[in-house]
Amino acid sequence: MSGREKIVICNDLAELRRMSQWLSLSAARAAIPERLVPVLELCANEAVANIINYAFADRGPHEIIVELARTERGGILVIRDDGRPFDPLALPEFQPPATLEEARIGGLGVHLIRRMASRCEYRREGGMNVLCLEAESVPEDA
Amino acid sequence: MTVSLNANWPGMQIDAEHLQSGILKITLIGRLDVQGADEIDLRFAGLAARQKAVIVDMREVSFLASIGIRTLLLSAKAIAKRGGKMALLDPDPTVTRSLEMAGIDALIPICRSLEQAQATVTT
């Protein structure tokens with residue numbers, strides 16, 4: 001992982017667009033394949049929105065650190081927050097609803113991350129949640 | 001290299017047009033992310049209320065997050081409850097992928113032409 005790009009945002013949903021813009025520019029600078037950028041952008045939006053909405057017990061300001069780096073076949077996002085320990089990947093698998101009547105409204109964000117990212121990893125480190133989300137081109141994309 | 005992050009995306013646009021045979025076409029333009037969904041949620045729900053055949057023109061939607069899927073799903077559920085139908089018109093490949101990954105394409109049909117969408121919501 002080289003040429004790591006980094007942004008620090010605060011726990012305010014209005015920051016998501018600033019993050020998305022940063023991500024597009026950083027991905028271009030890091031020469032991450034263009035087709036993977038929407039995947040990384042969606043993963044970052046879903047993960048950070050969840051953190052802002054659910055991670056912090058108090059109403060005070062918190063920093064969320066998002067890093068992006070190129071990997072051999074794509075890009076990796078590393079997202080850190082100092083909220084309560086929370087592993088989004090430990091949530092039960094989302095079951096796609098069979099009918100509109102059955103369709104539930106919650107839980108979609110983490111489901112999208114799981115489906116879109118080629119690798120997801122969570123760890124608690126130094127009092128912080130660390131979520132690594134990777135997107136890579138599969139051979140048939142090449 | 002200094003990067004300017006000042007460039008703002010314009011607000012989400014929403015327009016509605018009554019087509020023939022009681023179909024309402026709602027056109028969305030912009031990013032359907034947290035901010036975009038917040039901008040259109042009320043108006044979208046209001047427009048779709050009491051309708052039985054709704055086409056959502058997605059051609060100019062450049063990004064779709066789960067919060068935007070929620071907006072579509074809530075109205076689609078309400079319409080289905082009334083015995084009606086919603087269809088999505090020609091979302092771009094990135095948006096289509098979000099819909100497919102969420103399994104929404106199985107619940108709210110994605111149509112590639114207006115004719116197909118009209119036939120879908122009136123049958």
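**Figure 1. Helix α3 of chain A against helix α3 of chain B in the predicted model.** The crossing of α3(A) past α3(B) is right-handed. On the chain A side, the contact is made by His111(A), Leu112(A), Arg115(A) and Met116(A). On the chain B side, Arg97(B), Ser98(B) and Met101(B) take part. Sorted by class, the contact of α3(A) with α3(B) has 3 nonpolar, 2 polar and 2 charged residues.

**Figure 2. The contact between chain A and chain B.** Chain A gives 33 residues to this contact, and chain B gives 31. About 2,800 Å² of area is buried between the two chains. Carbon and sulfur atoms give 64% of that buried area. The count of salt bridges between chain B and chain A is 2.

**Figure 3. A salt bridge from chain B to chain A.** Side chains of opposite charge can pair when their charged atoms come close. Here Arg31(B) forms a salt bridge with Glu41(A). The closest N and O atoms of Arg31(B) and Glu41(A) are 2.8 Å apart.

**Figure 4. Helices α1 and α2 of chain B.** Two packed helices are described by the angle between their axes and the distance between the axes. Helix α1(B), residues 34–48, packs with helix α2(B), residues 66–81, at an angle of about 10 degrees. The axes of α1(B) and α2(B) are 9 Å apart. With angles under 35 degrees counted as roughly parallel, α1(B) and α2(B) are therefore roughly parallel to each other. From α1(B), the contact takes in Val34(B), Ala37(B), Ile40(B), Asp41(B), Phe44(B), Ala45(B) and Ala48(B). From α2(B), the contact takes in Ile67(B), Gly68(B), Arg70(B), Thr71(B), Leu72(B), Ser75(B) and Ile79(B). The residues of the contact of α1(B) with α2(B) comprise 9 nonpolar, 3 polar and 2 charged.

Figure 5. Over all chains, the structure holds 17 salt bridges.

Definitions and conventions
Residues are numbered from 1 along each chain as its sequence is written. Chains are lettered from A and ligands numbered from 1 in the order in which they are written. This is a predicted model: local features need pLDDT of at least 70, side-chain atom pairs count only at pLDDT 80 or more; totals for chains, interfaces and linings use all residues. Side-chain values use heavy atoms; hydrogens and water are left out. Axes are lines fitted to C-alpha atoms, for helices over the stretch in contact, and angles run from 0 to 180 degrees between N-to-C directions. Helices (H or I, at least four residues) and strands (E, at least two) are DSSP runs, numbered from the N terminus. A crossing is left-handed if the near helix is turned anticlockwise from the far one by less than a right angle, and right-handed if clockwise. Contact means heavy atoms within 4.5 Å. Ala, Val, Leu, Ile, Met, Phe, Trp, Tyr, Cys and Pro count as nonpolar, Asp, Glu, Lys and Arg as charged, and the others, Gly among them, as polar. Buried area is the accessible area (1.4 Å probe) that two parts lose on being put together, summed over both. A salt bridge is a side-chain nitrogen of Lys or Arg within 4 Å of a carboxyl oxygen of Asp or Glu. Angles under 35 degrees count as roughly parallel, over 145 as roughly antiparallel, 65 to 115 as roughly perpendicular and the rest as oblique.
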